[in-house]
Amino acid sequence: MIENKRLTVSASPHQKSADTTTRIMLDVIIALLPAGIVAVAVFGLRALAVILVSVLSCVLAEFLSRKAMKKEDTVTDLSAIVTGLLLAYNLPAGIPIWIVMLGAVVAIVVIKQMFGGIGQNFINPALGARVILMSAFPGRMSAGAFADTNRIGWGVDTVTGATPMGLVGLDGVQEGAPTLMQMFLGTTSGCIGEVSALALLLGGIYLMVRKVISPIIPCTFIATVAIFCTFAQGFDMYAVAYELLGGGLFLGAIFMATDYTTSPITNKGKLIAGIFCGLVTCIIRLWGSLPEGVSFSIILMNVFVPYFEDWTAPTPFGFIKEKKNKAKEETKA
């Protein structure tokens, strides 16, 4: 006698993973720690204060906003902590604390929760808040980002500006700029989390090994900047290396352009997104009025993500594209 067996049919996803939002966010936090340690070593306790205030403000803003909207508490998923870290890393160490708190409210309440919470925001919350703060407080956002190298005894002189990117352009690197080694290690001025390319690379490698992020966007983003600048700057490889190590390129390419919610899900879409970000970054850096363009390029990419995904969406199995009958169309006309 044949046993009657039932076939259980359920909704997707059919392939499940042990990864949770909390686990992924914890991996991102771990990956961001090296950059934070370097920031505190270079900028002192002021950087630590900015980081702590940013994280605590983001967590509190998420808790209170979810309570006010009578929605389930999502603080435990750790996404607010990640937003707080990324926001702090995009700010100078000398920025007033009240601006840090304002940025946290903008990132969590306005950009994230008002659009439905995690997974619903259309731009990266930390970058969105940074751009708004840059527009509202340009002087404050560009001041107080100097490395206190004498305090820690590294004996390295830093540039007299918020970011070394103001010292490089189509004519090459200006005199008095930090060396490539200083920029690689992080003993220079700039925003809290962007100064050390080494620390950011270590975090990126960790995320790739853990398979939290795909290498497509970071590698394509950075490679596009390298190739474009090579031709635009007359094959001045020192200037090209400066463009790669300086500013927020590594921070943006590794930790923000790869955000699950605001980046493409298809591999071809990620490739297009990386190239798009690289081109926009170079155009702003080399011909724009701002020394840095990473934030704006990622936000613009976030806006275009639905189109990137639509252009690169795979054809469903068994789908046959309907052919237009020109004869019938002409008859109807």
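**Entry 1: K270**

I began with K270, which is buried (under 20% relative accessible area, with exposed over 50% and partly exposed in between, 1.4 Å probe, protein chains only), yet has no salt bridge. A salt bridge here is a side-chain nitrogen of Lys or Arg within 4 Å of a carboxyl oxygen of Asp or Glu. The nearest side chain of opposite charge to K270 is E309, 8.8 Å away. For charge, Lys and Arg count as positive and Asp and Glu as negative, while His and the chain ends are not counted.

The model is predicted: local features need pLDDT of at least 70, side-chain atom pairs count only at pLDDT 80 or more, and totals for chains, interfaces and linings use all residues. Residues are numbered from 1 along each chain as its sequence is written, and side-chain values use heavy atoms, with hydrogens and water left out.

I placed K270 in helix α13, residues 267–287. Helices (H or I, at least four residues) and strands (E, at least two) are DSSP runs, numbered from the N terminus. What does K270 touch, leaving aside residues up to four places away in sequence? I listed S214, I216, I217, P264 and I265, with contact meaning heavy atoms within 4.5 Å.

**Entry 2: salt bridges**

I then turned to charge pairs. Side chains of opposite charge can pair when their charged atoms come close. The structure holds five salt bridges.

I looked up E243 and R285, whose side chains meet in a salt bridge at 3.1 Å, N to O. E243 lies in helix α11 (residues 237–245) and R285 in helix α13, so this pair ties together parts 42 residues apart in sequence. E243 counts as buried at 1% relative accessibility, and R285 is buried with a relative accessible area of 8%. R285 also forms a salt bridge with E292, where the closest N and O atoms are 2.9 Å apart. E292 is buried, as is R285.

Salt bridges that share partners also join R23, D27 and R210 into one network. Within it, the side chains of D27 and R23 meet at 2.9 Å, N to O. I found both in helix α1 (residues 21–43), four residues apart, about one turn of the helix. Buried or partly exposed, for R23? R23 counts as partly exposed, at 31% relative accessibility, whereas D27 is buried with a relative accessible area of 2%.

**Entry 3: α2 against α4**

I checked how helix α2 (residues 45–68) lies against helix α4 (residues 97–112): their axes come within 8 Å and cross at roughly 35°. Axes are lines fitted to C-alpha atoms, for helices over the stretch in contact, and angles run from 0 to 180 degrees between N-to-C directions. The crossing is right-handed. On the α2 side I noted R46, V50, V53, S54, S57, C58, A61, E62 and S65; they meet I97, V100, M101, A104, V105, I108, V109 and K112 in α4. By class, the contact has eleven nonpolar, three polar and three charged residues.

**Entry 4: positive phi**

I looked up two residues other than glycine with positive phi. K70 has a value of about 55° and sits in the loop between α2 and α3 (79–89). K70 is exposed, with a relative accessible area of 78%. K211 has phi near 60° and sits in the loop between α9 (197–209) and α10 (216–232). K211 counts as exposed at 71% relative accessibility.

Definitions and conventions. A crossing is left-handed if the near helix is turned anticlockwise from the far one by less than a right angle, and right-handed if clockwise. Ala, Val, Leu, Ile, Met, Phe, Trp, Tyr, Cys and Pro count as nonpolar, Asp, Glu, Lys and Arg as charged, and the others, Gly among them, as polar.
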